[in-house]
Amino acid sequence: DDPVVLTRAWCLFEIFATAQTGSRLVVQMPSVQERAFLAALVDRFDDIAAVLSKVSLDRADAFSASDRDSIFAAVRAGGGVHALDV
């Protein structure tokens with residue numbers, strides 16, 4: 001589907017920071033969604049890849065403009081938006 005978290009600047013920053021620090025990312029979701037996601041990994045992987053290929057910090061939203069500016073600055077300092085989007 002179209003997960004809202006992948007359109008939120010803070011969520012994308014958390015993924016970026018996790019990758020930058022080599023930390024483990026834990027994604028929480030209701031068990032119904034988890035089962036559907038796991039099934040989609042097997043049965044509809046192309047759909048998941050298509051959704052992930054559209055993730056872009058440039059198009060991400062944040063509640064406040066100052067948060068978005070701070071996130072962009074931190075991402076630029078850590079390798080740039082392209083590094084996050086890839």
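The chain has five helices and zero strands. Read along the sequence, its pattern is α-α-α-α-α. The model is a predicted one. Along the principal axes, the C-alpha trace spans about 40 × 25 × 20 Å. The chain holds 86 residues, and 20% of them are buried. Among contacts with a separation of 6 or more, 63% join residues 24 or more positions apart.

In soluble globular proteins, nonpolar side chains tend to be buried together. In this chain, the largest nonpolar core has twelve residues, among them Leu6, Ala9, Leu12, Phe16, Val55, Leu57 and Ala60. Two or more residues of this core come from each of helix H1 (9–21), helix H4 (65–77) and helix H5 (81–85). Other members of the core include Ile71, Phe72, Val75, Val81 and Leu84.

Ala60, one of the core residues, touches Thr7, Arg8, Ala9, Leu12 and Arg68, when residues up to four places away in sequence are not counted.

A search of the whole structure finds two aromatic pairs. The table gives the geometry of each.

| Pair | Distance between ring centres | Angle between planes | Type |
|---|---|---|---|
| Trp10 and Phe13 | 5.9 Å | 85° | edge-to-face |
| Phe13 and Phe16 | 6.5 Å | 35° | tilted |

The pair of Trp10 and Phe13 counts as edge-to-face because its planes stand at 85°, and the cut-off for that type is over 60 degrees. The planes of Phe13 and Phe16 are at 35°, so this pair is tilted.

Trp10 and Phe13 are three residues apart in helix H1, and so are separated by about one helical turn. Phe13 and Phe16 also lie in helix H1, three residues apart, which is about one turn of the helix. Trp10, Phe13 and Phe16 form one aromatic cluster.

Are the residues Trp10 and Phe16 buried or exposed? Trp10 has a relative accessible area of 41%, so it is partly exposed. Phe16 has a relative accessible area of 6% and is therefore buried. Phe16 is also one of the residues of the largest nonpolar core.

Thr18 is found in helix H1. Its relative accessibility is 16%, so Thr18 counts as buried, the cut-off being under 20%. Apart from neighbours within four places in sequence, Thr18 is in contact with Ser23, Arg24 and Leu25.

Arg24 has its place in the loop between H1 and H2. With a relative accessible area of 75%, Arg24 is exposed, whereas Thr18 is buried. From Arg24 to Ile48 there are 24 residues in sequence and 21 Å in space, C-alpha to C-alpha.

**The largest pocket**

Rolling a probe the size of a water molecule over the atoms shows where empty space is left. The largest pocket has a volume of about 930 Å³. Which elements give two or more residues to the lining of the largest pocket? They are H1, helix H2 (31–43) and helix H3 (45–53).

The lining of this pocket is made of 22 residues, and Pro3, Val5, Leu6, Met29 and Phe37 are the ones nearest its centre. By class, the lining has 15 nonpolar, two polar and five charged residues. Leu6 belongs to the lining of the largest pocket and is also listed in the largest nonpolar core. Helix H1 likewise gives two or more residues to the core and two or more to the pocket lining.

Methods
Residues are numbered from 1 along each chain as its sequence is written. This is a predicted model: local features need pLDDT of at least 70, side-chain atom pairs count only at pLDDT 80 or more; totals for chains, interfaces and linings use all residues. Side-chain values use heavy atoms; hydrogens and water are left out. A nonpolar core is a set of buried Ala, Val, Leu, Ile, Met, Phe, Trp, Tyr and Cys residues joined through side-chain atoms within 4.5 Å. Buried means under 20% relative accessible area, exposed over 50%, partly exposed in between (1.4 Å probe, protein chains only). Helices (H or I, at least four residues) and strands (E, at least two) are DSSP runs, numbered from the N terminus. Contact means heavy atoms within 4.5 Å. On a 1 Å grid over the protein atoms alone, a cavity is a set of points where a 1.4 Å probe fits but cannot get out, and a pocket is an open set with protein on both sides within 12 Å along at least five of seven lines; lining residues have an atom within 4 Å of a point. Grid points are joined across faces, edges and corners, and a volume is the space filled by probe spheres set on the points. Ala, Val, Leu, Ile, Met, Phe, Trp, Tyr, Cys and Pro count as nonpolar, Asp, Glu, Lys and Arg as charged, and the others, Gly among them, as polar. Rings of Phe, Tyr and Trp (its six-membered ring) pair if their centres lie within 6.5 Å; planes under 30 degrees apart count as stacked, over 60 as edge-to-face and the rest as tilted.
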